[in-house]
Amino acid sequence: MKKILLGAAVLFMHSMDAQKQKFTMAEAVNGLRSSLAIQNIQQFSWLENQDAYFQGVKNAYLKTDIKTGKKDTLVSLSQLNAIGGHTFAAMPRITFIDENKGYFQKQYRYFWLEKKNNTWSISEMMGVDNEAENVYFSKKKDMQVFTRTNNLYIRNGGQLTPITQEQNPNIISGQSVHRQEFGIDKGIFVSPNENKIAFYKMDESMVEDYPIVEWHTTPAQNKNIKYPMAGRTSHQVKLGIYSIAQNKTIYLNIDGEKDQYLTAVTWSPDEKTIFVGVLNRGQNHLKFNQYNAETGAFIKTLFEEKSDKYVEPQHAAIFFPHSAKDFIWQSQRTGYNHLFHYHVDKGLIGQITKGDWLVNSVLGFYEKNNEIIISGTKDSPLQKNLYKVNWKNKKITRINTHLGVHNAALSKSGAYLYDVYSAKNTPRKVDIIHLSTGKVQNLLTAEDPLRNFDRPQIQLVTLKADDGTPLYGKLIKPTNFDANKKYPVIVYLYNGPHLQLVTDAFPESGNLWYEYMAQRGFVVFTMDGRGSSNRGLAFEQAVFRQLGEVEMKDQLKGVEYLKSLPFVDAKRMGIHGWSFGGFMTTSFMLKYPDVFKVGVAGGPVIDWRMYEVMYTERYMDTPQENPEGYAKANLLDKVENLKGKLLMIHGAQDDVVVWQHSIDFLKSAVDKGVQVDYFVYPGHAHNVVGRDRVHLMQKVTDYFEQHLKEK
């Protein structure tokens with residue numbers, strides 16, 4: 001009887017395994033953003049003046065008091081639909097300023113939602129229409145600041161006033177500049193008490209036009225953009241300050257090259273001065289300057305940072321609570337991004353964090369305990385954990401218990417952390433952490449949306465570069481793995497600055513398409529070589545002036561490892577990457593043509609002389625300064641080396657890696673009698689997104705299936 005029961009159990013288990021689902025292409029590509037989305041708390045935000053938070057639930061918004069746990073409905077869908085003149089099929093996405101006021105968009109128009117005498121009302125925000133962009137909403141006043149086309153406007157108390165009135169469309173105010181390098185993600189900087197508005201003013205008149213053709217009309221239409229290529233003329237930027245009370249604008253008197261970079265814009269808490277990081281075009285000399293906010297006059301340089309390679313400021317200064325003099329500056333000057341305490345008058349007070357790890361972000365202050373709350377890589381470069389640092393004695397303590405990739409928001413009082421994290425086997429957990437006691441309130445533990453799928457074995461791999469530097473990768477084995485079989489391999493890579501592929505986050509593979517390919521009998525391998533993110537300055541700067549050299553040597557360590565595995569078929573290896581990864585893929589197919597049988601390169605940089613000034617000159621200097629480095633990286637004169645099958649893909653409206661890169665590559669292939677495969681995605685810029693991405697990844701998959709599977 002026992003044998004029969006045991007046999008039945010085994011058969012049942014096999015039956016369960018057989019029932020495991022395979023990913024569809026749509027699930028592998030967009031599933032985690034749609035049908036397989038991980039449970040989450042919607043639209044969380046802390047209140048400004050109390051220890052409470054808002055969140056969106058089905059057909060309503062809730063307010064929760066942290067101390068009491070009391071929950072109140074702020075507003076519901078039925079309440080909105082009871083307001084005359086408006087009908088909502090679903091709850092709009094409301095941004096609350098406080099518990100009695102918020103705003104939302106409907107049909108590209110902005111509306112206020114306001115509660116008076118326990119009754120909600122809706123009113124249109126006049127002057128802030130569907131053409132308004134980069135909108136700043138005041139939390140203290142009836143005021144909005146926004147851009148429209150190339151000018152900056154303020155709506156204050158119902159009065160709409162243009163701050164700039166440029167007729168030249170190539171002079172743009174209030175928008176991000178320098179192609180969003182140097183941590184720049186906005187162009188409007190409102191002062192702490194909202195009395196002044198600092199803004200970027202960018203003149204692109206001197207930059208060459210570049211054509212982006214729109215194909216959806218007949219005849220097709222050309223739309224010129226300004227695209228400054230490496231070594232060529234770049235744009236020029238100024239910083240203006242508009243006084244709301246005086247209705248007057250002044251510009252900071254910033255000395256230096258006309259095409260230098262202005263970043264790390266920081267208001268002093270008293271609004272009397274403003275600080276700017278002034279970086280030369282060579283990107284090896286930063287001055288952190290102070291200016292008079294009334295006159296624009298230069299006051300002094302607080303400090304300078306220099307490098308024989310590059311200086312890359314990424315963060316504005318952060319002032320300590322209740323101080324107009326003490327601030328935190330983040331710098332990589334010691335080899336890793338760390339915090340430094342500066343005083344406006346006294347200069348450097350001291351280094352706050354130290355070690356061979358980096359600070360990812362500063363979340364705020366828990367002033368009661370003299371603590372700075374940060375996220376960083378102290379426990380592992382594959383993770384992002386939360387820490388508190390005492391700014392007086394420099395003691396650092398990890399806050400979270402469970403290691404992984406944590407993203408958190410600090411309450412306005414600094415006493416509570418909203419912590420959202422995942423790890424390789426943890427889809428998502430959401431906690432409120434009480435910093436005074438360490439108590440953890442779990443708000444959500446998400447179920448695994450992939451639990452019913454046939455998922456592969458995944459192995460973390462640590463290899464060593466030529467200089468002994470550890471390199472982290474992931475090996476994904478085929479489902480139903482048989483150690484006696486030989487499998488084809490796909491290497492997916494990026495290996496460029498500011499990106500890390502291998503982390504301790506969910507899903508463990510890092511990408512469901514990898515798992516889709518594992519289900520189809522492929523080994524998938526990915527690794528972050530030198531040049532990629534989160535490993536410190538020496539790791540990143542190893543590629544300086546020689547993009548595509550050190551990175552390939554590191555990736556070849558991965559190839560050596562793969563070839564050492566008895567189940568890998570070294571004759572059936574493929575490689576795939578996009579953008580910098582497209583450059584790497586094409587480089588491998590031409591510089592090491594015997595390694596990979598098949599390559600798929602998306603949006604690839606082919607000639608770095610045609611890529612943007614800010615990024616390229618940081619890592620390569622100019623073509624005039626580094627002709628040898630540019631020549632080595634240029635793939636146009638190496639096309640004849642191609643031996644394997646290469647599919648190149650590009651977005652027809654790509655304004656990042658412009659279409660000319662791959663068009664010139666095709667011309668070179670034709671000239672040299674080399675056959676390549678090619679596909680274009682009309683209507684897409686640098687990345688193919690949405691429903692069309694399913695088409696893209698099906699094409700990539702089919703190419704590998706066709707050329708790597710045994711016939």
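What separates strands E21 and E22 in their hairpin, and which residue in the turn has a positive phi? The views below answer this and present further close-ups of a predicted model, in which local features need pLDDT of at least 70, side-chain atom pairs count only at pLDDT 80 or more, and totals for chains, interfaces and linings use all residues. Residues are numbered from 1 along each chain as its sequence is written, and side-chain values use heavy atoms, with hydrogens and water left out.

**View 1. The hairpin of E21 and E22.** Five residues lie between the two strands, and Gln 283 in the turn has a positive phi of about 60°. Strand E21 covers residues 273-279 and strand E22 residues 285-292; they run antiparallel and are joined by seven bridges. Strands (E, at least two residues) and helices (H or I, at least four) are DSSP runs numbered from the N terminus, and two strands pair if DSSP finds at least two bridges between them. Gly 277 has Phe 288 of E22 as its bridge partner.

**View 2. The hairpin of E22 and E23.** Seven bridges also pair E22 with E23 in the antiparallel sense. His 285 stands opposite Lys 306 in E23. The hairpin has five residues between its strands, and Gly 296 takes a positive phi near 85°.

**View 3. The salt bridge of Lys 139 and Glu 48.** The side chains of these residues meet at 3.0 Å, N to O. Lys 139 lies in the loop between strands E9 (133-137) and E10 (143-148), and Glu 48 in the loop between strands E1 (42-46) and E2 (52-57), so the pair ties together parts that are 91 residues apart in sequence. A salt bridge is a side-chain nitrogen of Lys or Arg within 4 Å of a carboxyl oxygen of Asp or Glu, and the structure holds 39 of them. Glu 48 is partly exposed, with a relative accessible area of 40%; buried means under 20%, exposed over 50%, and partly exposed in between (1.4 Å probe, protein chains only).

**View 4. The salt bridge of Arg 618 and Glu 312.** The closest N and O atoms of this pair are 3.3 Å apart. Arg 618 belongs to helix H8 (residues 613-620) and Glu 312 to the loop between strands E23 (298-306) and E24 (318-319), so the bridge ties together parts that are 306 residues apart in sequence. Arg 618 is buried, with a relative accessible area of 0%, and Glu 312 counts as buried at 7% relative accessibility.

**View 5. The salt bridge of Arg 545 and Asp 621.** Here the closest N and O atoms are 2.6 Å apart. Arg 545 is in the loop between helices H5 (537-541) and H6 (550-564), whereas Asp 621 is in the loop between H8 and helix H9 (627-633), 76 residues apart. Arg 545 counts as partly exposed at 29% relative accessibility, while Asp 621 counts as buried at 14%.

**View 6. The domain recorded at residues 515-710.** An unreviewed UniProt entry places the feature "domain: Peptidase S9 prolyl oligopeptidase catalytic" here. UniProt positions are given in the numbering used here, feature names are shortened, and annotations may be inferred rather than shown by experiment.
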